[in-house]
Amino acid sequence: MRNRRVSQRLRRKKQMRKRRIIFISLVIIIAFSLVQISGIFRINKLDISGNNVVKKSEIEKILNESIGKNYLLLNKGKIEKALLKIPYIKDVKFSYKFKNTLRVSIDERQDFLLIKGGTEYIADRNLKILGEKSSSKKELIVVEGIDTNKYEIGAYLFRNDENLKELSQKLLNSNIIFDISSIKFYKDSCDFTLKDGILVKFGPVNNFDYKLEMLEKIREDIKNTGKDVVSIDLFSNENPIVTLNGV
């Protein structure tokens, strides 16, 4: 008798749970239907901001498919993926603005490197090729020693070379990069010229932090003594070679 009562109680609980789920589902369906019918959150206009290089028309071409759709049901991931295929676009944020407006905030990549080769390219600090040379920015770091014919717009430099990728990324993320005017890459090493004209034969990525530390000490000594230095050779990790002008 007791088991039957327990069984009936459990059955009633299951039925109540099912009814609750059905009720909530119906409420959600009705709510979405009302939103669709009433036009609430329907997109009729676009508000694009943050684009300084990418043309507004290029962005609108991708966003136009959202016109007439409901913001809540919009496949934002698909649109974001399409926008991120534009090399200069780094990030995208969507929001809904009253008066049926889709607001799109664009975060653009910045010109940082001028890659000289068969075709001259502009790249950002993350080594992504943004386009052919057309930048109005004056102080770009000139990069040589790269076969640009292997790359296309939107690709990343050194995508198939782990050694040069690591070397270039560490160099670009270090503070010394803001004192560099040009970089030349070789098979697994690099040289770079500082803005004061000193050539630094940096070598491979091995002992990167130690070599940077030695370079800073040498530069500090040059500053304090006024030595006229032509080049600094860091290939020999333990004993850097400093060459003076006229020597």
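**Figure 1. Lys227 and its salt bridge to Asp221.** Lys227 is partly exposed, at 42% relative accessibility. Buried stands for under 20% relative accessible area, exposed for over 50%, and partly exposed for the range in between (1.4 Å probe, protein chains only). This is a predicted model, in which local features need pLDDT of at least 70 and side-chain atom pairs count only at pLDDT 80 or more, while totals for chains, interfaces and linings use all residues. Residues are numbered from 1 along each chain as its sequence is written, and side-chain values use heavy atoms, with hydrogens and water left out. The closest N and O atoms of Lys227 and Asp221 are 3.1 Å apart. A salt bridge here is a side-chain nitrogen of Lys or Arg within 4 Å of a carboxyl oxygen of Asp or Glu. Asp221 is partly exposed, with a relative accessible area of 32%. Elsewhere, salt bridges with shared partners join Asp47, Lys97 and Arg103 into one network.

**Figure 2. Salt bridges Asp179–Arg219 and Arg159–Glu152.** Side chains of opposite charge can pair when their charged atoms come close. Helices (H or I, at least four residues) and strands (E, at least two) are DSSP runs, numbered from the N terminus. Asp179 is partly exposed, at 31% relative accessibility. Arg159 and Glu152 meet through their side chains at 3.0 Å, N to O. Arg159 is partly exposed at 33%, and Glu152 is partly exposed at 40%. The whole structure holds 13 salt bridges.

**Figure 3. The buried face of helix H4 (residues 162-172).** Leu164, Leu167, Ser168, Leu171 and Leu172 are the buried residues of H4. Seen down the helix axis they fall within an arc of 125°, so they line one face of H4. The arc is that of the directions from the helix axis to the C-beta atoms. These buried residues pack against strands S4 (113-115), S8 (180-185), S9 (190-194) and S10 (199-203), and against helix H5 (208-225). Contact means heavy atoms within 4.5 Å. At the start of H4, a side-chain oxygen of Asp161 comes to within 3.3 Å of the backbone nitrogen of Asn163.

**Figure 4. Ser168 in helix H4.** Ser168 is buried, with a relative accessible area of 2%. Its side chain reaches the backbone oxygen of Leu164 at 2.8 Å. A polar contact is a pair of N or O atoms within 3.5 Å; within protein, one must be able to donate a hydrogen and the other to accept it, and residues adjacent in sequence count only if both atoms are side-chain atoms. Leaving aside neighbours within four places in sequence, Ser168 is in contact with Leu127, Phe158 and Phe185.

**Figure 5. Aromatic pairs, including Phe112 with Phe178.** A pair of aromatic rings is described by the distance of the centres and the angle of the planes. Rings of Phe, Tyr and Trp (its six-membered ring) pair if their centres lie within 6.5 Å; planes under 30 degrees apart count as stacked, over 60 as edge-to-face and the rest as tilted. The count comes to seven aromatic pairs. The ring centres of Phe112 and Phe178 are 6.4 Å apart and the planes stand at 90°, so this pair is edge-to-face. Phe112 lies in the loop between strand S3 (101-108) and S4, and Phe178 in the loop between H4 and S8, 66 residues apart. Phe112 is buried at 15% relative accessibility, whereas Phe178 is partly exposed at 44%. Phe158 and Phe185 also pair edge-to-face, at 5.0 Å centre to centre and 65° between the planes. Phe158 is in the loop between strand S7 (141-144) and H4, and Phe185 is in strand S8, 27 residues apart. Both Phe158 and Phe185 are buried.

**Figure 6. Ser231 in strand S11 (residues 229-233).** Ser231 is buried, at 10% relative accessibility.
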